[in-house]
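Please keep the sequence and the structure in view while reading.

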Amino acid sequence: MKPYEKLLLQNKAWSEEINESDSTFFQRLAQQQKPKFLWIGCSDSRVPANEITGTDPGEIFVHRNIANMVVHTDLNMLSVLQYAVEVLKVEHIIVCGHYGCGGVAAALTNNNLGLINKWLRNIKEVYKMYKEEIDAINDPVEKANKLVEYNVIEQCQDLIKTSIIQKSWNQRNAPHVYGWVYGLNNGLVSELVKIEPDFENINPIFRYDKDQLG
């Protein structure tokens, strides 16, 4: 059996198992989605949002990229964010990084990795912000993991700098923003930061005039 054929068989078995436990599940799922959460996570195959949170399909709207970045020029991420906030009206946004992140580890090096250099540049900017603290760590694994944590925190800050989030805060006092980190070695999530929908939590330089947010 070819690897992709195994996936098809596993899909069939999964579908049959769901139907046996709830015969109307897929019928309801096909009608609409009303997730309360937007998940911005890493593309790493070991960090699947639904599995590690114990949620069903339809409960989490998911965007993933290398190192769970919120890049202000990334139209893909911004489109997902706008749809999740303005159309789906999610109540919570989770930025979830993970220890042992290859993208973060690569950003700590001076290796020329081709096209991905341009993406890693965004992580390097976070490294630059916390260089003194990170370079004080001798163990390379701990050093990378500390940057993972700082990166999550800064991506949460970049989220609330967007007019999308600020407009929603102004109109409906949501969503709440959370920064999490996942441990590959134990399967557990830890909370690093929580940001309430309060304009005082936004750096004044990036705070839009409420009267212009609608």
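Buried is used here for a residue with under 20% relative accessible area, exposed for one with over 50%, and partly exposed for what lies in between, calculated with a 1.4 Å probe on protein chains only. The model is a predicted one, in which local features need pLDDT of at least 70 and side-chain atom pairs count only at pLDDT 80 or more, whereas totals for chains, interfaces and linings use all residues. Residues are numbered from 1 along each chain as its sequence is written, and side-chain values use heavy atoms, with hydrogens and water left out.

**Sheet**

- Helices (H or I, at least four residues) and strands (E, at least two) are DSSP runs numbered from the N terminus, and two strands are said to pair if DSSP finds at least two bridges between them.
- Five strands form an open sheet in the order S2-S1-S3-S4-S5, and the pairing within this sheet is mixed.
- The edges are taken by strand S2 (60-65) and strand S5 (189-195), each of which has a single partner strand, so one side of each is left without a neighbour in the sheet.
- From one strand to the next the twist averages 20°, where axes are lines fitted to C-alpha atoms (for helices over the stretch in contact) and angles run from 0 to 180 degrees between N-to-C directions.
- Strand S3 (residues 92-98) pairs with strand S4 (residues 176-182) in the parallel sense over seven bridges, and Cys96 has Trp180 in S4 as its bridge partner.
- Helix H4 (residues 75-87) packs on this sheet, touching strand S1 (37-42), S2 and S3, and its direction makes about 170° with that of S2; contact here means heavy atoms within 4.5 Å.

**Salt bridges**

- Seven salt bridges are found in the whole structure, a salt bridge being a side-chain nitrogen of Lys or Arg within 4 Å of a carboxyl oxygen of Asp or Glu.
- Asp135 forms a salt bridge with Lys131, with the closest N and O atoms 2.5 Å apart; these two residues are four apart in helix H7 (residues 131-135), and are therefore separated by about one helical turn.

**Helix H8**

- Helix H8 (residues 140-160) has 21 residues, which at 1.5 Å a residue should span 30 Å, and the 31 Å between its end C-alpha atoms agrees with this; the expected span is 1.5 Å times one less than the number of residues.
- The N-terminal end of H8 is capped by Asp139, a side-chain oxygen of which lies 3.0 Å from the backbone nitrogen of Val141.

**Backbone geometry in loops**

- Ala174 and Pro175 are joined by a cis peptide bond with omega of about 5°, and Pro175 is found in the loop between helix H9 (163-172) and S4.
- Asn173, also placed in the loop between H9 and S4, has a positive phi near 55° although Asn173 is not a glycine, and is partly exposed at 48%.
- Ala67, in the loop between S2 and H4, has a positive phi of about 70° without being a glycine, and counts as buried at 0% relative accessibility.

How values were computed: A polar contact is a pair of N or O atoms within 3.5 Å; within protein, one must be able to donate a hydrogen and the other to accept it, and residues adjacent in sequence count only if both atoms are side-chain atoms.
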